[in-house]
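Welcome! Take a moment to look over the model shown here, and then let us walk through it together.

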Amino acid sequence: MQGKRILLIVGGGIAAYKSCELVRLIRREGGEVTCVLTAGAAHFVTPMTLAALSENPVHTTLWDLDAEAKMGHIQLSRQADLVVVCPATADLMAKMSAGIADDLAATLLLATDKPVLAVPAMNVRMWQHAATRRNVATLRSDGVDVLEPDEGPMACGEFGPGRLPEPAAILAAITAKLGDTAKPLAGKHVLVTAGPTHEPIDPVRYIANRSSGRQGFAIAEAAARAGARVTLVAGPVALPTPPGVTRVDVQTAREMAAAVDAALPADAAIMVAAVADWRVAAEAGQKLKKDGSGEIPPLTLTENPDILARLARAPNRPRLLVGFAAETEHVVAHAEAKLAKKGADWIVANDVSGDVMGGALNAVHIVRAGGVESLPEMPKAAVAAALIERIADALS
Ligand code: C5P
């Protein structure tokens, strides 16, 4: 919390008095608070109280000539690390979900580009009303974090869900949300392909390669840990799905290409899969049999789609496109050639002449238009962490 800036928008409900305690708790944890009061909120708590507790000016109106001369409301909405609406009244959430900007609080909420946490408090019937349910659902699908209210006796004498959570619980939610925003890939969608593909010859035989999927899975895991939403399109491998990762299992290159298309749009795509370059042109419907004639069945191959090259030319191309190059000789030179040929932004090259495929260690060279960065041999998880750090930098 140390040094984090919270813009606290206080709505007009009886629970507004608890916002004073919340300000105190945030300050005690080292956070900075700037308060905005709606006209309704000012009936429950005074600007003076919140100014004294926050040690910051309190804002109450859009029509502040001095502040607005410096684009006050836009600035206020952008300076925070997190916007907290507490209490979030039914009225304020209705305005937020509809995009109404008819006072300072609502305007800030429409103008902000920062994460928003809403802490509702209202009468139980208002909370359960279809209009509020709709508004909360809209806000959540718009990316606003709406906390569930507590259940219990209410100021109005009724009982049920609608009470503001205790300030300590709100503080915990704020801390968790700030933790999320500290994650460098929060809000980003990262697409990873991993593993080999299996290209059927007949119902029981296939063409494959030695890729274990370990490097791709480690990259998906590191991206999820960095806060990204991760889609992992995995060829046939026996690996557990990393926590927080959405996995799509495929067998063939064509299935992988379709799964990649279906997962778009993505902010970054990291194509680690060892996709089979060729498949059998005509897969046999039945198991091929030795017929005793001594004749060997011819296997005519045809080329698979190049998923990476296709993605590079796609209209919804991810902003950052990273390919891998498994080489057994002239590793960097081949990767440099591949960068241009495939249209990727980076190619991560590795020498697979040893036991990299299936092994625990990897030594990679990151080839970009601007030059080559060679990393020493390290565990695949460490290669993944190093790559994700660079990818987060590139996307920021
Ligand atoms: O051409 P090569 O197979 O060496 O290229 C490797 C890179 O291209 C990897 O990123 C791999 O995932 C991707 N690739 C692909 N579709 C193919 C072949 C390779 O996406 N059919």
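Which order do the 8 strands of the open sheet with mixed pairing have? Reading across, they follow the order β12-β11-β8-β13-β16-β17-β19-β20. Before going further, please keep in mind that this is a predicted model.

From one strand to the next, the twist averages 15°. For a closer look at one pairing, turn to β17 (residues 346-351) and β19 (residues 364-368), which are joined by 5 bridges in the antiparallel sense. Here tryptophan 346 has arginine 368 of β19 as its bridge partner.

Helices pack on this sheet too. Helix α10 (residues 214-225) touches β8 (189-194), β11 (229-234), β12, β13 (268-271) and β16 (320-327), and its direction makes about 165° with that of β11. Helix α13 (residues 331-342) lies across β16, β17, β19 and β20, at about 155° to β17.

**The sheet of 5 strands**

There is also an open sheet of 5 strands, in the order β2-β1-β3-β4-β5, with parallel pairing. Its edge strands are β2 (32-37) and β5 (145-146); each has a single partner strand, so one side of each lacks a neighbour in the sheet. Strand β1 (residues 5-10) runs parallel to β2, and 6 bridges join the two. One of the residues involved is arginine 5, whose bridge partner in β2 is glutamate 32. Helix α5 (residues 90-98) packs on this sheet, where it touches β1, β3 (82-88), β4 (116-120) and β5; the direction of α5 makes about 135° with that of β3.

**The ligand and its surroundings**

Which residues are found around the ligand? They are Met271, Ala273, Val275, Asp277, Pro305, Asp306, Ile307, Leu308, Gly323, Phe324, Lys338 and Lys342.

| Residue | Protein atom | Ligand atom | Distance |
|---|---|---|---|
| Proline 305 | backbone N or O | nitrogen | 2.8 Å |
| Isoleucine 307 | backbone N or O | nitrogen | 3.0 Å |
| Lysine 342 | polar side-chain atom | oxygen | 3.0 Å |

Taken alone, the ligand exposes 440 Å², and the protein buries 89% of that.

**Some backbone details**

One leads from cysteine 86 to proline 87, with omega near -5°, and proline 87 sits in strand β3. Another leads from leucine 264 to proline 265, with omega near 5°; proline 265 belongs to the loop between α11 (253-263) and β13.

Next come residues with a positive phi. Glutamate 55 is not a glycine, yet its phi is positive, at about 55°. Look for glutamate 55 in the loop between α2 (47-54) and α3 (65-69). Is glutamate 55 buried or exposed? Its relative accessibility is 59%, so glutamate 55 counts as exposed. Histidine 330, not a glycine either, has a positive phi of about 45°. Histidine 330 is in the loop between β16 and α13, and with a relative accessible area of 54% histidine 330 is exposed.

Finally, visit alanine 238 in the loop between β11 and β12. Alanine 238 has a relative accessibility of 81%, so it counts as exposed. From C-alpha to C-alpha, alanine 238 and alanine 208 are 14 Å apart in space, and they are 30 residues apart in sequence.

Key. Residues numbered from 1 in each chain as written. Predicted model: local features only at pLDDT ≥ 70, side-chain atom pairs only at ≥ 80, totals over all residues. Heavy atoms only, no water. Pairing = 2+ DSSP bridges. Helix = DSSP H or I, 4+ residues; strand = E, 2+ residues; numbered from the N terminus. Contact = heavy atoms within 4.5 Å. Axes fitted to C-alpha atoms, helices over the stretch in contact; angles between N-to-C directions. Near = heavy atom within 4 Å. Polar contact = N/O pair within 3.5 Å; in protein donor to acceptor, adjacent residues only side chain to side chain. Areas by Shrake-Rupley, 256 points an atom, 1.4 Å probe, with all protein chains shown as cover. Buried < 20%, exposed > 50% of the residue type's maximum accessible area, 1.4 Å probe, protein only.
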